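Student: Can you walk me through this one? I'd like to talk about pockets and charged pairs.

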Amino acid sequence: MKRRVFSAIAVAVLGTVGFSSAQAQAKWDFATAYPATNFHTENIAQFAKDVESASGGKLKITVHSNASLFKAPEIKRAVQGAQAQLGEILLVNFQNEWQLYGVDGIPFLADSYDSAMKLYKAQKPFLEKKLGEQGMMLLYSVAWPTQGIYTKKPINSAADLKGVKWRAYSPATARIAELVGAQPVTVQAAEFSQALATGVVESTMTSGATGVDSKLYEHLKYYYDTQAWLPKNAVIMNKKAFDALDKPTQDAVFKAAADAETRGWAASRRVNDDTLAKLKAEGMQVLPPSTQLKSDMNKVGETMLKEWLDKAGPEGKALVDAYRK
């Protein structure tokens, strides 16, 4: 009888230990809209590996690339609602929700990597506060390479874009189309190639990285390197999920995030150079904008900054003032 009691206790104890061990490992889902080969996604994959390693396997992150878990517009809400613990979003996509999400989509406000980093530092406290109010945390952010104009035909001024079907992926890119007289068409990254092949769109303003990812050289012939702006992807995290982790695992997440941010910005610079070279190698003409086109686009930028400040109010003015100090 004593032996049976002892055996029962032993089984119970072992079962409890096993249950605790199982509970000790958290499994998170990370949703992103870009292909596995995109530099942002490669950086995320390394981040996930770093977290698992630094946490001693207590946190395992599965990366779902190419909008396989949620489409780009759905990711922020999915993280907020804990359908995914982590997600990567293009901040400018959410400008209609809150104007300050879109500050890095204002043409020519920040038109280099150094100025884009300065803008990010000014924007970061505002981002952290807003995401916190929504039950989320900002882990890190990485800029896309500089943005230029892709077209089927050569252009010398903004007037040459009138009536052109222009792929818009954010409120800012849609507004640029309106200001130059193009026809904005909303198309997500995963559907871009098909839209070009079927004639749904025939022009866009995006980075060299997206140009290579989507093989724009198969459909478009010209890239004008306007260096208009450097929009950022932000990696966001559900706060309740984070709070459920023990302190060493939280520290591992923060350390991996800091490394990912540094690594990501360096990768973006490399990708900017490499992808423009790739576009040239594939037969695309990579050109500087004409004096007239640059002047036209600067006027677009001035108009959009004024419009943005009017909508953003005191918060927006405070952000721009901090950036311009």
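Predicted model: local features only at pLDDT ≥ 70, side-chain atom pairs only at ≥ 80, totals over all residues.

Student: How much space lies in the largest pocket?

Tutor: About 380 Å³. Its lining is made up of 25 residues, and the closest to the pocket's centre are Tyr34, Arg167, Gln188, Ala189 and Ala190.

Student: Which helices and strands supply at least two residues of that lining?

Tutor: Look at α6 (192–197), β8 (203–207) and α7 (208–213); each of them gives the lining at least two residues.

Student: And what is the lining like by class?

Tutor: There are 12 nonpolar residues, 9 polar and 4 charged.

Student: OK, new topic. How many salt bridges does the count come to?

Tutor: The count is 15 salt bridges. In general, side chains of opposite charge can pair when their charged atoms come close.

Student: Let's start with Lys129. Which residue does it form a salt bridge with?

Tutor: Glu133 is the partner, and the closest N and O atoms of the pair are 2.8 Å apart.

Student: Where do Lys129 and Glu133 lie?

Tutor: Both are in helix α4 (residues 113–133). They sit 4 residues apart, which is about one turn of that helix.

Student: Is Lys129 buried or exposed?

Tutor: Lys129 has a relative accessible area of 55%, so it counts as exposed. Glu133 is exposed too, at 53%.

Student: What about Lys255, which residue does its side chain meet in a salt bridge?

Tutor: That would be Asp259, with 2.8 Å from N to O.

Student: How far along the helix are Lys255 and Asp259 from each other?

Tutor: They are 4 residues apart in helix α9 (residues 247–281), so about one helical turn separates them.

Student: How do Lys255 and Asp259 count for accessibility, exposed or partly exposed?

Tutor: Lys255 counts as exposed, at 52% relative accessibility. Asp259 comes out at 30%, so that one is partly exposed. The cut-off here is that exposed means over 50%.

Student: One more pair, please. What does Lys278 form a salt bridge with?

Tutor: Lys278 pairs with Glu282, and their closest N and O atoms are 3.0 Å apart. Lys278 is partly exposed at 34% relative accessibility, and Glu282 is also partly exposed, with 37%.

Definitions and conventions: Residues numbered from 1 in each chain as written. Heavy atoms only, no water. 1 Å grid on protein atoms, 1.4 Å probe; cavity = no way out; pocket = protein on both sides within 12 Å on 5 of 7 lines; lining within 4 Å. Points joined across faces, edges and corners; volume = space filled by probe spheres on them. Nonpolar A, V, L, I, M, F, W, Y, C, P; charged D, E, K, R; others polar. Salt bridge = Lys/Arg side-chain N within 4 Å of Asp/Glu carboxyl O. Buried < 20%, exposed > 50% of the residue type's maximum accessible area, 1.4 Å probe, protein only.
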